Amino acid sequence: MEWPRLELLRHANWMQLAFPYPQAREAFVSRFRTIRQNLTTAAIVCARALLVPVAFGVSAIIRDERGRVLLVRSRIHTGWSLPGGGVDKGEPPAEAALREAREEVGMIRCGPPELVGIFTRRILWSTNVIALYSLPAAEIAFKPNFEIREICWTDPASPPPATQAGTRRRLAELIGQARQNPYW
């Protein structure tokens with residue numbers, strides 16, 4: 001898309017008729033320039049959002065009184081992972097972690113969510129940003145559901161063989177076997 005040249009606007013006859021005073025013409029041209037810059041910026045932002053989408057999600061670390069960590073086996077994804085999901089539009093991430101724990105594993109109650117870290121991962125052309133929360137003193141009443149077919153409580157030092165790589169990294173960090181990595 002090509003924008004009209006400002007020089008043409010300044011010298012066009014209609015400008016002299018519409019804006020007989022030079023100050024008014026200059027104010028119009030200045031406003032046109034600002035609008036053009038804003039529209040160009042908006043077009044770039046929109047194109048970037050379409051070309052480089054970002055999804056915001058949450059995951060939760062839920063531990064029992066013996067220090068074991070709750071893992072879930074999804075009906076959609078393979079392997080064991082931490083419970084979690086997408087953050088709804090306008091939803092605070094801590095609230096999303098609580099909601100996902102209730103929906104996926106039947107969490108009844110827990111202490112205040114504690115932010116563990118923010119992580120990123122790339123899937124094809126999109127980027128996921130994941131906020132990881134610890135949900136202390138959680139009570140769970142799991143029933144298999146549409147999303148999750150089973151759960152297991154595991155020692156973070158020895159997760160089940162089919163545990164996803166990102167979940168393995170988070171568990172190693174949790175028990176101090178690895179430094180925190182910004183990538184999921």
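**Briefing: a predicted chain and its salt bridges**

R99 has a relative accessibility of 15%, so R99 counts as buried. The model that contains this residue is predicted. Its chain has five helices and nine strands, and 34% of the 184 residues count as buried.

**Overall build**

- Of the contacts between residues at least 6 apart in sequence, 61% join residues at least 24 apart.
- The chain exposes about 11700 Å², with 58% of that area supplied by carbon and sulfur atoms.

**Salt bridges around R99**

- R99 and D88 form a salt bridge with an N to O distance of 3.7 Å.
- R99 belongs to helix α4 and D88 to the loop between β4 and α4, and the two are 11 residues apart.
- D88 counts as partly exposed because its relative accessibility is 45%.
- R99 also meets E103 in a salt bridge, at 3.4 Å from N to O.
- E103 and R99 are four residues apart in helix α4, which means that about one helical turn separates them.
- E103 is partly exposed, with a relative accessible area of 41%.
- Shared partners join D88, E91, R99, E100 and E103 into one network of salt bridges.

- The search of the whole structure finds eight salt bridges, one of which pairs R73 with E150, with the closest N and O atoms 3.0 Å apart.
- R73 is in strand β2 and E150 in strand β9 (residues 148-154), so this pair ties together parts 77 residues apart in sequence.
- R73 counts as buried at 18% relative accessibility, whereas E150 counts as partly exposed at 33%.

**Largest pocket**

- The volume of the largest pocket is about 540 Å³.
- The pocket is lined by 27 residues, and those closest to its centre are S59, H77, G84, G85 and R121.
- At least two lining residues come from each of β1 (54-61), β2, β4 (84-86), α4 (93-105), β6 and β7.
- β1 gives the largest share of the lining, five residues.

**Helix α5**

- In helix α5 (residues 165-174), the buried residues are G166, T167, R170, L171, A172 and E173.
- These buried residues pack against β2 (69-74), β3 (80-81), β6 and β7.
- After α5 comes G176, which has a positive phi near 80°.

**Nonpolar surface patch**

- I123, L124 and W125 make a nonpolar surface patch of about 370 Å².
- L124 sits in the loop between β6 (114-123) and β7 (126-134).
- L124 counts as exposed because its relative accessibility is 67%.

Terms used. Residues numbered from 1 in each chain as written. Predicted model: local features only at pLDDT ≥ 70, side-chain atom pairs only at ≥ 80, totals over all residues. Heavy atoms only, no water. Patch = residues over 30% accessible without salt bridge, like charges linked within 9 Å, V, L, I, M, F, W, Y side chains within 5 Å. Areas by Shrake-Rupley, 256 points an atom, 1.4 Å probe, with all protein chains shown as cover. Salt bridge = Lys/Arg side-chain N within 4 Å of Asp/Glu carboxyl O. Buried < 20%, exposed > 50% of the residue type's maximum accessible area, 1.4 Å probe, protein only. Contact = heavy atoms within 4.5 Å. 1 Å grid on protein atoms, 1.4 Å probe; cavity = no way out; pocket = protein on both sides within 12 Å on 5 of 7 lines; lining within 4 Å. Points joined across faces, edges and corners; volume = space filled by probe spheres on them.
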